[in-house]
Amino acid sequence: MSLKRTTPVASALVLAAALLSPPVANAAPVSTLAVPDIPVANVQAHLNDLQSIATNNGGNRAHGRPGYLASVNHLKAKLDAAGYQTSVQQFTSNGATGYNLIADWPGGDPNDVLMLGGHLDSVSAGPGINDNGTGSAGLLEVALTVARQSLAPRKHIRFGWWGAEELGLIGSTYYVNNLPTTERSRIKAYLNFDMIGSPNPGYFVYSASGQPTGSLLLQQTLQAGFSVPTELTSVGGRSDHAAFARAGIPVGGTFTGAETTKTSAQAQKWGGTAGVAFDRCYHRSCDTISNVDVTALDRNSDAIAYALWTLAGSGTTPPGPRFENLTDVAIPDLTTVESPITVSGVAGNAPSALAVGVDITHTYRGDVVIDLIAPDGSAYRVKTSSNDSANDIVTTYTVNASSEVANGTWKLRVQDVASADTGRINGWSLQF
């Protein structure tokens, strides 16, 4: 959790009574999907991996340090193996390259995205296992549980692990600011999980007060996900939800406390030690694997799952097969290039919502025109040229290809239509 714009924990807001009898008009939705229990042992195993990465890379996982990129690559490999469509977004801060890891679960309504995230970087002083290995590990295990259960939600599910949060929410802000307006409007909710295993824990849920319209539902859903009383907290600009809130996206999240001290009333309610910080190792070298309360980690990981399964809604059809081409293709100036994918074993026609995942590096994406070419040569325009001067195109487009036979060779055709900028196709995919 970043030190930027510190806002103290709102420890006076106790919601135990409200949780016992919430107003019917504002009640959290009842999930139509069976919410799984998230095995805390699995979450701990991910934390052990992050500790090992830090230990083997100078003792930390900070922005610009080798331990951070190793953390990104470690999570990406697990998510790729589970069937996620992943992409790594690069940015520059303090003279070093940073990375955001984005993982999309195939299927769901691409115009109704539920996004969950937390920062993956540590401070340079230590390995950052509570801050924020815990949130990162909880999100990872929930994501892997989605895959193991072949969840087919109504909403499209996206996860994000952010870089350079400790320098001032750099990675998440870069992600939100570089989303095209239409893509940003598709994200209907963002849930943030930062420090969910503090050793002297509190159980805090982000307050909807002062947040974009729609945040109250997220607050109430997260509150309902806990078996213990919670308190509302306003964390202001201290974590990555702030970038989404500034864009008008409803936000929520959970938190177990940082440098603020636990009160006597909180200790009586939750246990632990009054007069001591929720996390005495906050931003210190002692934020190691020993600096985690397993019960808090377990409860918060289950709350992440509860929120996802409750808010995502029931789908009707599980995701179909996914095909990808990860071969780099250079995009020279004023040139048209193509990258093929051969689809086989899919009966009948392509779906009416064929998901086309694109990962393109380019120095001026407004110059780029993208078409999906069907096996019969039909072209589907997915992106036109524009005055958008930002870099790169890392997104998913939806094409109504229901008139096309699924099997055969599909092509991603990319045109650079103006001078002075170049790029490359890093990879692309088709999700049936």
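Residues are numbered from 1 along each chain as its sequence is written, and side-chain values use heavy atoms, with hydrogens and water left out. Because the model is predicted, local features need pLDDT of at least 70 and side-chain atom pairs count only at pLDDT 80 or more, while totals for chains, interfaces and linings use all residues.

**Aromatic residues**

- The whole structure contains 16 aromatic pairs; rings of Phe, Tyr and Trp (its six-membered ring) pair if their centres lie within 6.5 Å, and planes under 30 degrees apart count as stacked, over 60 as edge-to-face and the rest as tilted.
- Y84 and W105 make a tilted pair, with 5.0 Å centre to centre and 50 degrees between the planes.
- Y84 sits in the loop between α3 (66-82) and β1 (85-93) and W105 in strand β2 (residues 96-105), so this pair ties together parts 21 residues apart in sequence; helices (H or I, at least four residues) and strands (E, at least two) are DSSP runs, numbered from the N terminus.
- Y84 is buried at a relative accessible area of 1%, and W105 is buried at 6%; buried means under 20% relative accessible area, exposed over 50%, and partly exposed in between (1.4 Å probe, protein chains only).
- F204 and F278 form an edge-to-face pair, 5.4 Å centre to centre with 85 degrees between the planes.
- F204 belongs to strand β6 (residues 204-206) and F278 to the loop between α9 (264-270) and α10 (294-312), so the pair links parts that are 74 residues apart in sequence.
- K269 lies over the face of W270, at 4.4 Å from the ring centre; a charge sits over a ring if NZ of Lys or CZ of Arg is within 6 Å of the ring centre and within 35 degrees of the ring normal.

**Nonpolar cores**

- The largest nonpolar core has 63 residues, and those with the most contacts inside it are Y84, L116, F159, W161 and L308; such a core is a set of buried Ala, Val, Leu, Ile, Met, Phe, Trp, Tyr and Cys residues joined through side-chain atoms within 4.5 Å.
- Helix α10 gives the most to this core, with ten residues.
- Beyond four places in sequence, L116 has contacts that include L139, I157, F159, Y190, I304 and L308; contact means heavy atoms within 4.5 Å.

**Disulfide**

- The structure holds one disulfide, defined as a pair of cysteine sulfur atoms within 2.5 Å.
- The disulfide joins C281 to C286, with S to S at 2.1 Å.
- The torsion about this S-S bond is about -115 degrees, so the disulfide is left-handed.
- C281 is buried, with a relative accessible area of 13%, whereas C286 is partly exposed at 26%.

- H63 is located in the loop between α2 (40-55) and α3 and counts as buried at 12% relative accessibility.
- The H63 side chain reaches the backbone oxygen of S93 at 2.8 Å.
- Not counting residues up to four places away in sequence, H63 touches residues including Y68, F91, S93, D121 and L167.
- D49 lies in helix α2 and is partly exposed at 27% relative accessibility.
- D49 is in contact with H74 and K78, leaving aside neighbours within four places in sequence.
- D49 and I289 are 240 residues apart in sequence and 9.8 Å apart in space, C-alpha to C-alpha.

Technical notes:
Polar contact = N/O pair within 3.5 Å; in protein donor to acceptor, adjacent residues only side chain to side chain.
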